[in-house]
Amino acid sequence: MMKQLILRTLYSVRKTIDPQRRKYTFEMFGYDFILDENFNTWLIEINTNPCLEESSQILKDYLPRMIEDMLKLTVD
């Protein structure tokens, strides 16, 4: 469900994300989701400038890996 929501939002703004059609660039978005008591997924917001502050141990573990994976996907 999360993947479908992300694809729908990107599809809805596909013509405005990169209006100058810049080549060899990428942008990282921050998607915030919440699960309700029935485990339904709800999209809260999308950030075009997500916070990358390592303010907790879990973020210290995951943020460097996420950035490294993002760059690997972009370069590959």
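## Confidence

The protein has a mean pLDDT of 89, with 100% of its residues at 70 or more. The model is predicted. Confidence is lowest in helix α2 (residues 57–75), where the mean is 91, and highest in β2, at 95.

## Salt bridges in helix α2

The whole structure contains two salt bridges. In one, the side chains of arginine 65 and aspartate 69 meet at 3.9 Å, N to O. These two residues are four apart in helix α2, so about one helical turn separates arginine 65 from aspartate 69. Arginine 65 is exposed, at 51% relative accessible area, while aspartate 69 is partly exposed, at 34%.

The other joins glutamate 68 to lysine 72, with 3.3 Å between the closest N and O atoms. Here too the spacing is four residues in helix α2, and therefore about one helical turn lies between lysine 72 and glutamate 68. Both count as partly exposed: lysine 72 has a relative accessibility of 43%, and glutamate 68 has a relative accessible area of 44%.

## Aromatic rings

There is one aromatic pair in the structure. Tyrosine 31 and phenylalanine 33 are stacked, with 6.2 Å from centre to centre and 15° between the planes. Tyrosine 31 has a relative accessible area of 19% and is therefore buried, the cut-off being under 20%.

A charged side chain is placed over another ring: arginine 14 lies over the face of tyrosine 11, 3.9 Å from the ring centre.

## Nonpolar surface patch

Ile34, Trp42 and Ile44 make a nonpolar surface patch of about 340 Å². Isoleucine 44 belongs to strand β2 (residues 41–47). Its relative accessibility is 52%, so isoleucine 44 counts as exposed.

Conventions. Residues numbered from 1 in each chain as written. Predicted model: local features only at pLDDT ≥ 70, side-chain atom pairs only at ≥ 80, totals over all residues. Heavy atoms only, no water. Patch = residues over 30% accessible without salt bridge, like charges linked within 9 Å, V, L, I, M, F, W, Y side chains within 5 Å. Areas by Shrake-Rupley, 256 points an atom, 1.4 Å probe, with all protein chains shown as cover. Salt bridge = Lys/Arg side-chain N within 4 Å of Asp/Glu carboxyl O. Buried < 20%, exposed > 50% of the residue type's maximum accessible area, 1.4 Å probe, protein only. Phe/Tyr/Trp six-rings, centres within 6.5 Å; stacked < 30°, edge-to-face > 60°. Lys NZ or Arg CZ within 6 Å of the ring centre and 35° of its normal. pLDDT = per-residue confidence, 0-100.
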